Amino acid sequence: MSETLGGNIFVTGTNRGIGLELVKQLAEKTGPEARIYACCRQPEGSGAEALRALATQYPGKITIIKLDMSDEDSISAAVQAVSKQIGAGGLNLLINNAAINKPAVPALLDVTGKKDMMEVYETNVVGPFLLVKMLLPLLQRAAEKDSGDKMSCRRSAIINISTVISSIEKCPETFTMAQMYPYRTSKAALNMLTRCQAENFKINNILVTALHPGWVRTDMGGKEGHLSTQESVYGLMSVMSSLSNKDCGMLLDWEGNRIPW
Ligand SMILES: NC(=O)c1ccc[n+]([C@@H]2O[C@H](COP(=O)([O-])OP(=O)(O)OC[C@H]3O[C@@H](n4cnc5c(N)ncnc54)[C@H](OP(=O)(O)O)[C@@H]3O)[C@@H](O)[C@H]2O)c1
(Lines give C-alpha, C1' and ligand atoms only; values in the text may rest on other atoms or scores of the structure.)
Protein backbone atom coordinates (compact mmCIF):
# COMPACT_ATOMS: atom_id res chain seq x y z
CA MET A 1 0.00 0.00 0.00
CA SER A 2 1.25 3.46 -0.86
CA GLU A 3 1.17 5.56 2.30
CA THR A 4 2.42 8.49 0.28
CA LEU A 5 -0.79 8.84 -1.75
CA GLY A 6 -4.19 9.23 -0.18
CA GLY A 7 -6.78 11.70 1.06
CA ASN A 8 -9.13 13.21 -1.51
CA ILE A 9 -8.12 12.49 -5.10
CA PHE A 10 -9.78 13.82 -8.28
CA VAL A 11 -9.01 12.18 -11.65
CA THR A 12 -10.38 13.16 -15.08
CA GLY A 13 -11.06 10.86 -18.05
CA THR A 14 -11.41 7.66 -16.01
CA ASN A 15 -13.78 5.45 -17.99
CA ARG A 16 -11.01 3.88 -20.11
CA GLY A 17 -7.28 3.81 -20.82
CA ILE A 18 -4.76 5.22 -18.38
CA GLY A 19 -7.44 7.04 -16.35
CA LEU A 20 -9.35 3.82 -15.58
CA GLU A 21 -6.13 2.08 -14.50
CA LEU A 22 -5.18 5.08 -12.34
CA VAL A 23 -8.47 4.76 -10.45
CA LYS A 24 -7.95 1.00 -10.08
CA GLN A 25 -4.41 1.26 -8.70
CA LEU A 26 -5.29 4.26 -6.51
CA ALA A 27 -8.17 2.27 -5.01
CA GLU A 28 -5.91 -0.73 -4.42
CA LYS A 29 -2.90 1.11 -3.04
CA THR A 30 -4.36 3.83 -0.82
CA GLY A 31 -5.68 3.43 2.70
CA PRO A 32 -9.35 3.12 3.64
CA GLU A 33 -9.59 6.86 4.34
CA ALA A 34 -8.87 7.74 0.68
CA ARG A 35 -11.70 9.07 -1.48
CA ILE A 36 -11.35 8.93 -5.24
CA TYR A 37 -13.52 11.18 -7.40
CA ALA A 38 -13.42 9.46 -10.78
CA CYS A 39 -14.68 11.72 -13.57
CA CYS A 40 -16.07 10.79 -16.94
CA ARG A 41 -18.32 12.33 -19.58
CA GLN A 42 -21.10 9.75 -19.46
CA PRO A 43 -21.27 7.88 -16.15
CA GLU A 44 -24.43 6.02 -17.23
CA GLY A 45 -23.18 5.12 -20.72
CA SER A 46 -21.90 1.78 -22.02
CA GLY A 47 -18.38 3.26 -22.19
CA ALA A 48 -18.30 3.56 -18.40
CA GLU A 49 -19.21 -0.04 -17.56
CA ALA A 50 -15.72 -0.96 -16.32
CA LEU A 51 -15.58 2.18 -14.17
CA ARG A 52 -19.01 1.44 -12.65
CA ALA A 53 -17.85 -2.11 -11.86
CA LEU A 54 -14.77 -0.70 -10.13
CA ALA A 55 -16.88 1.73 -8.10
CA THR A 56 -19.09 -1.18 -7.01
CA GLN A 57 -15.99 -3.08 -5.91
CA TYR A 58 -14.91 -0.13 -3.71
CA PRO A 59 -18.17 1.28 -2.31
CA GLY A 60 -17.66 4.63 -0.61
CA LYS A 61 -14.07 4.86 -1.83
CA ILE A 62 -14.74 5.58 -5.51
CA THR A 63 -17.37 8.15 -6.47
CA ILE A 64 -18.14 8.67 -10.16
CA ILE A 65 -18.59 12.32 -11.18
CA LYS A 66 -19.98 13.52 -14.50
CA LEU A 67 -17.48 15.84 -16.19
CA ASP A 68 -16.94 17.04 -19.74
CA MET A 69 -13.65 18.94 -19.89
CA SER A 70 -14.71 20.89 -22.97
CA ASP A 71 -17.76 22.36 -21.23
CA GLU A 72 -17.31 25.11 -18.60
CA ASP A 73 -20.75 24.49 -17.07
CA SER A 74 -19.96 20.81 -16.70
CA ILE A 75 -16.64 21.64 -14.99
CA SER A 76 -18.42 24.00 -12.62
CA ALA A 77 -21.10 21.40 -11.78
CA ALA A 78 -18.47 18.71 -11.13
CA VAL A 79 -16.51 21.03 -8.83
CA GLN A 80 -19.67 21.90 -6.90
CA ALA A 81 -20.59 18.22 -6.54
CA VAL A 82 -17.15 17.32 -5.23
CA SER A 83 -16.89 20.37 -2.95
CA LYS A 84 -20.04 19.26 -1.12
CA GLN A 85 -18.56 15.81 -0.47
CA ILE A 86 -14.98 16.73 0.35
CA GLY A 87 -15.62 18.88 3.39
CA ALA A 88 -12.86 20.26 5.59
CA GLY A 89 -10.06 18.03 4.34
CA GLY A 90 -9.68 19.79 1.00
CA LEU A 91 -8.36 18.22 -2.19
CA ASN A 92 -5.00 16.46 -1.95
CA LEU A 93 -4.41 15.35 -5.51
CA LEU A 94 -5.84 16.40 -8.88
CA ILE A 95 -4.80 14.36 -11.93
CA ASN A 96 -5.64 16.09 -15.22
CA ASN A 97 -5.63 12.97 -17.40
CA ALA A 98 -8.48 13.44 -19.93
CA ALA A 99 -7.33 14.47 -23.39
CA ILE A 100 -8.05 14.03 -27.08
CA ASN A 101 -5.89 13.69 -30.18
CA LYS A 102 -7.55 14.86 -33.40
CA PRO A 103 -7.76 14.33 -36.36
CA ALA A 104 -7.23 10.58 -36.54
CA VAL A 105 -3.57 9.53 -36.49
CA PRO A 106 -1.32 10.17 -38.48
CA ALA A 107 -2.91 13.67 -38.36
CA LEU A 108 -0.86 15.07 -41.23
CA LEU A 109 -0.90 18.78 -41.98
CA ASP A 110 -3.15 18.60 -45.03
CA VAL A 111 -6.01 16.90 -43.15
CA THR A 112 -5.77 19.11 -40.06
CA GLY A 113 -8.02 22.14 -39.84
CA LYS A 114 -9.07 24.93 -37.49
CA LYS A 115 -11.80 22.80 -35.92
CA ASP A 116 -9.26 20.14 -34.88
CA MET A 117 -6.91 22.77 -33.47
CA MET A 118 -9.66 24.46 -31.45
CA GLU A 119 -11.30 21.27 -30.16
CA VAL A 120 -8.03 19.77 -28.98
CA TYR A 121 -6.92 23.03 -27.35
CA GLU A 122 -10.27 23.38 -25.59
CA THR A 123 -10.17 19.89 -24.07
CA ASN A 124 -6.43 19.55 -23.41
CA VAL A 125 -5.62 23.08 -22.21
CA VAL A 126 -8.66 25.25 -21.48
CA GLY A 127 -10.41 22.45 -19.55
CA PRO A 128 -7.45 21.81 -17.19
CA PHE A 129 -6.99 25.59 -16.78
CA LEU A 130 -10.62 26.11 -15.71
CA LEU A 131 -10.71 23.01 -13.54
CA VAL A 132 -7.66 24.08 -11.55
CA LYS A 133 -8.99 27.63 -11.22
CA MET A 134 -12.23 26.28 -9.72
CA LEU A 135 -10.58 23.62 -7.53
CA LEU A 136 -7.89 25.96 -6.17
CA PRO A 137 -9.69 26.77 -2.88
CA LEU A 138 -9.94 23.03 -2.14
CA LEU A 139 -6.27 22.46 -3.00
CA GLN A 140 -5.28 25.40 -0.80
CA ARG A 141 -7.37 24.00 2.04
CA ALA A 142 -5.53 20.67 1.87
CA ALA A 143 -2.13 22.38 1.66
CA GLU A 144 -2.90 24.51 4.72
CA LYS A 145 -3.55 21.44 6.87
CA ASP A 146 0.22 20.79 6.99
CA SER A 147 2.80 23.24 8.24
CA GLY A 148 6.17 23.88 6.61
CA ASP A 149 7.02 24.18 2.94
CA LYS A 150 7.38 20.49 2.01
CA MET A 151 5.39 19.67 -1.14
CA SER A 152 3.98 16.24 -2.01
CA CYS A 153 1.13 14.47 -3.77
CA ARG A 154 -0.19 13.47 -0.34
CA ARG A 155 -0.37 17.08 0.82
CA SER A 156 -1.71 19.03 -2.19
CA ALA A 157 -0.75 18.54 -5.84
CA ILE A 158 -1.76 18.98 -9.46
CA ILE A 159 -0.50 16.38 -11.94
CA ASN A 160 -0.95 17.29 -15.59
CA ILE A 161 -0.62 14.27 -17.85
CA SER A 162 1.53 15.46 -20.73
CA THR A 163 3.66 13.61 -23.27
CA VAL A 164 7.24 13.40 -24.50
CA ILE A 165 6.04 14.70 -27.89
CA SER A 166 5.17 18.02 -26.20
CA SER A 167 8.90 18.63 -25.81
CA ILE A 168 10.04 21.46 -28.09
CA GLU A 169 13.67 20.43 -27.63
CA LYS A 170 12.93 16.84 -28.66
CA CYS A 171 10.77 17.80 -31.66
CA PRO A 172 13.48 17.19 -34.28
CA GLU A 173 13.78 13.56 -33.14
CA THR A 174 10.03 12.89 -32.56
CA PHE A 175 8.25 14.88 -35.28
CA THR A 176 8.36 12.36 -38.14
CA MET A 177 6.86 9.49 -36.16
CA ALA A 178 4.04 11.62 -34.68
CA GLN A 179 3.19 14.80 -36.58
CA MET A 180 -0.10 15.61 -34.75
CA TYR A 181 -0.10 19.42 -34.83
CA PRO A 182 -3.15 19.97 -32.57
CA TYR A 183 -2.09 17.41 -29.97
CA ARG A 184 1.57 18.44 -29.80
CA THR A 185 0.85 22.15 -29.55
CA SER A 186 -1.88 21.60 -26.96
CA LYS A 187 0.45 19.55 -24.75
CA ALA A 188 3.23 22.13 -25.10
CA ALA A 189 0.66 24.67 -23.87
CA LEU A 190 -0.25 22.31 -21.02
CA ASN A 191 3.45 22.29 -20.08
CA MET A 192 3.45 26.09 -19.89
CA LEU A 193 0.26 25.91 -17.83
CA THR A 194 2.12 23.53 -15.49
CA ARG A 195 5.04 25.94 -15.22
CA CYS A 196 2.78 28.95 -14.60
CA GLN A 197 0.72 27.11 -11.98
CA ALA A 198 3.92 25.95 -10.27
CA GLU A 199 5.11 29.55 -9.96
CA ASN A 200 1.67 30.84 -9.00
CA PHE A 201 0.91 28.25 -6.31
CA LYS A 202 4.34 27.70 -4.73
CA ILE A 203 3.39 30.28 -2.11
CA ASN A 204 0.59 27.85 -1.14
CA ASN A 205 2.95 24.81 -1.15
CA ILE A 206 0.92 23.16 -3.90
CA LEU A 207 3.05 20.86 -6.05
CA VAL A 208 2.48 21.09 -9.83
CA THR A 209 4.20 18.59 -12.14
CA ALA A 210 3.64 17.33 -15.70
CA LEU A 211 4.09 13.58 -16.28
CA HIS A 212 4.57 11.58 -19.49
CA PRO A 213 3.03 8.11 -19.09
CA GLY A 214 5.15 6.44 -21.80
CA TRP A 215 3.81 5.08 -25.06
CA VAL A 216 0.86 3.09 -23.76
CA ARG A 217 -1.48 0.59 -25.43
CA THR A 218 -4.81 2.43 -25.21
CA ASP A 219 -7.34 3.76 -27.70
CA MET A 220 -5.11 6.82 -28.03
CA GLY A 221 -1.74 5.07 -27.95
CA GLY A 222 -2.75 2.22 -30.28
CA LYS A 223 -1.70 -1.44 -30.24
CA GLU A 224 1.99 -0.81 -30.88
CA GLY A 225 2.61 1.01 -27.59
CA HIS A 226 5.55 -0.15 -25.46
CA LEU A 227 3.65 -0.32 -22.17
CA SER A 228 0.42 -1.81 -20.85
CA THR A 229 -1.78 0.55 -18.83
CA GLN A 230 -0.82 -1.48 -15.74
CA GLU A 231 2.93 -0.92 -16.32
CA SER A 232 2.52 2.78 -17.10
CA VAL A 233 0.30 3.49 -14.10
CA TYR A 234 2.54 1.44 -11.77
CA GLY A 235 5.36 3.78 -12.82
CA LEU A 236 3.23 6.92 -12.56
CA MET A 237 2.06 5.94 -9.06
CA SER A 238 5.62 5.34 -7.93
CA VAL A 239 6.79 8.68 -9.39
CA MET A 240 3.84 10.56 -7.85
CA SER A 241 4.63 9.00 -4.47
CA SER A 242 8.16 10.37 -4.57
CA LEU A 243 7.58 13.89 -5.97
CA SER A 244 8.83 16.79 -3.87
CA ASN A 245 9.71 20.50 -4.15
CA LYS A 246 12.52 19.85 -6.62
CA ASP A 247 10.02 18.38 -9.12
CA CYS A 248 7.58 21.29 -8.98
CA GLY A 249 7.21 22.90 -12.43
CA MET A 250 8.99 20.00 -14.20
CA LEU A 251 8.13 17.47 -16.90
CA LEU A 252 9.05 13.90 -15.91
CA ASP A 253 8.37 10.50 -17.46
CA TRP A 254 6.76 7.44 -15.83
CA GLU A 255 10.17 6.35 -14.57
CA GLY A 256 10.94 9.72 -12.99
CA ASN A 257 13.40 10.88 -15.67
CA ARG A 258 13.33 14.58 -16.48
CA ILE A 259 12.25 15.52 -20.03
CA PRO A 260 13.53 18.82 -21.44
CA TRP A 261 10.90 21.41 -22.37
N1 LIG B 1 -1.53 6.39 -24.65
C2 LIG B 1 -0.36 6.96 -24.83
O3 LIG B 1 0.57 6.39 -25.45
C4 LIG B 1 -0.09 8.33 -24.27
C5 LIG B 1 1.21 8.86 -24.44
C6 LIG B 1 1.46 10.12 -23.90
C7 LIG B 1 0.50 10.80 -23.19
N8 LIG B 1 -0.76 10.25 -23.05
C9 LIG B 1 -1.73 11.02 -22.28
O10 LIG B 1 -2.30 10.19 -21.28
C11 LIG B 1 -3.64 10.62 -20.99
C12 LIG B 1 -4.59 9.45 -21.11
O13 LIG B 1 -4.48 8.92 -22.42
P14 LIG B 1 -5.09 7.52 -22.86
O15 LIG B 1 -4.08 6.88 -23.71
O16 LIG B 1 -5.64 6.79 -21.69
O17 LIG B 1 -6.29 8.02 -23.80
P18 LIG B 1 -7.69 7.34 -24.18
O19 LIG B 1 -7.61 5.88 -24.04
O20 LIG B 1 -8.06 7.93 -25.49
O21 LIG B 1 -8.66 7.91 -23.03
C22 LIG B 1 -8.92 9.28 -22.97
C23 LIG B 1 -9.84 9.56 -21.81
O24 LIG B 1 -10.10 10.97 -21.82
C25 LIG B 1 -11.50 11.15 -21.82
N26 LIG B 1 -11.92 12.39 -22.46
C27 LIG B 1 -11.70 12.79 -23.73
N28 LIG B 1 -12.29 13.97 -23.95
C29 LIG B 1 -12.89 14.33 -22.79
C30 LIG B 1 -13.65 15.43 -22.37
N31 LIG B 1 -13.97 16.44 -23.19
N32 LIG B 1 -14.10 15.48 -21.10
C33 LIG B 1 -13.81 14.47 -20.24
N34 LIG B 1 -13.12 13.38 -20.58
C35 LIG B 1 -12.66 13.31 -21.84
C36 LIG B 1 -12.06 9.94 -22.54
O37 LIG B 1 -13.45 9.81 -22.26
P38 LIG B 1 -14.55 9.35 -23.39
O39 LIG B 1 -14.59 7.86 -23.34
O40 LIG B 1 -15.79 10.02 -22.93
O41 LIG B 1 -14.06 9.85 -24.72
C42 LIG B 1 -11.18 8.86 -21.94
O43 LIG B 1 -11.64 8.50 -20.66
C44 LIG B 1 -3.93 11.74 -21.98
O45 LIG B 1 -3.68 12.98 -21.36
C46 LIG B 1 -2.91 11.51 -23.08
O47 LIG B 1 -2.62 12.69 -23.79
C48 LIG B 1 -1.06 9.04 -23.57
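This report walks through charges, salt bridges and surface patches in a predicted model.

## Ground rules

Residue numbers start from 1 along each chain as its sequence is written, and side-chain values use heavy atoms, with hydrogens and water left out. Since this is a predicted model, local features need pLDDT of at least 70 and side-chain atom pairs count only at pLDDT 80 or more, while totals for chains, interfaces and linings use all residues.

## Salt bridges

The structure holds eight salt bridges (a side-chain nitrogen of Lys or Arg within 4 Å of a carboxyl oxygen of Asp or Glu). One of them joins Arg16 and Asp219, at 2.7 Å from N to O. This pair links distant parts of the chain, 203 residues apart: Arg16 sits in the loop between β1 (8-11) and α1 (17-29), and Asp219 in the loop between β6 and α7 (229-242). Helices (H or I, at least four residues) and strands (E, at least two) are DSSP runs, numbered from the N terminus. Arg16 is partly exposed at 46% relative accessible area, whereas Asp219 is exposed at 61% (buried is under 20%, exposed over 50%, partly exposed in between, with a 1.4 Å probe and protein chains only).

Lys102 pairs with Glu119, their closest N and O atoms 2.6 Å apart. Here the loop between β4 (93-96) and α4 (114-144) supplies Lys102, and helix α4 supplies Glu119, 17 residues apart. Shared partners join Lys102, Lys115 and Glu119 into one network of salt bridges.

## A buried lysine

Lys61 lies in the loop between α2 (49-57) and β3 (62-66). Lys61 is buried yet has no salt bridge, and Glu33, the nearest side chain of opposite charge, is 6.7 Å away. A polar atom of the Lys61 side chain does lie 2.8 Å from the backbone oxygen of Thr30.

## Surface patches

Asp71, Glu72, Asp73 and Glu122 form a negative surface patch; Asp and Glu count as negative, Lys and Arg as positive, with His and the chain ends not counted. Patch residues have over 30% relative accessible area and no salt bridge, with like charges joined within 9 Å and nonpolar side chains (Val, Leu, Ile, Met, Phe, Trp, Tyr) within 5 Å. The place of a charge is NZ of Lys, CZ of Arg, CG of Asp or CD of Glu. Glu72 belongs to helix α3 (residues 72-86) and is partly exposed at 48%.

Leu109, Met117, Met118 and Tyr181 make a nonpolar patch of about 380 Å², with areas from the Shrake-Rupley method and a 1.4 Å probe; for residues, only the protein chains shown count as cover. Tyr181 is in helix α6 (residues 181-201) and is partly exposed at 33%.

Methods. Polar contact = N/O pair within 3.5 Å; in protein donor to acceptor, adjacent residues only side chain to side chain.
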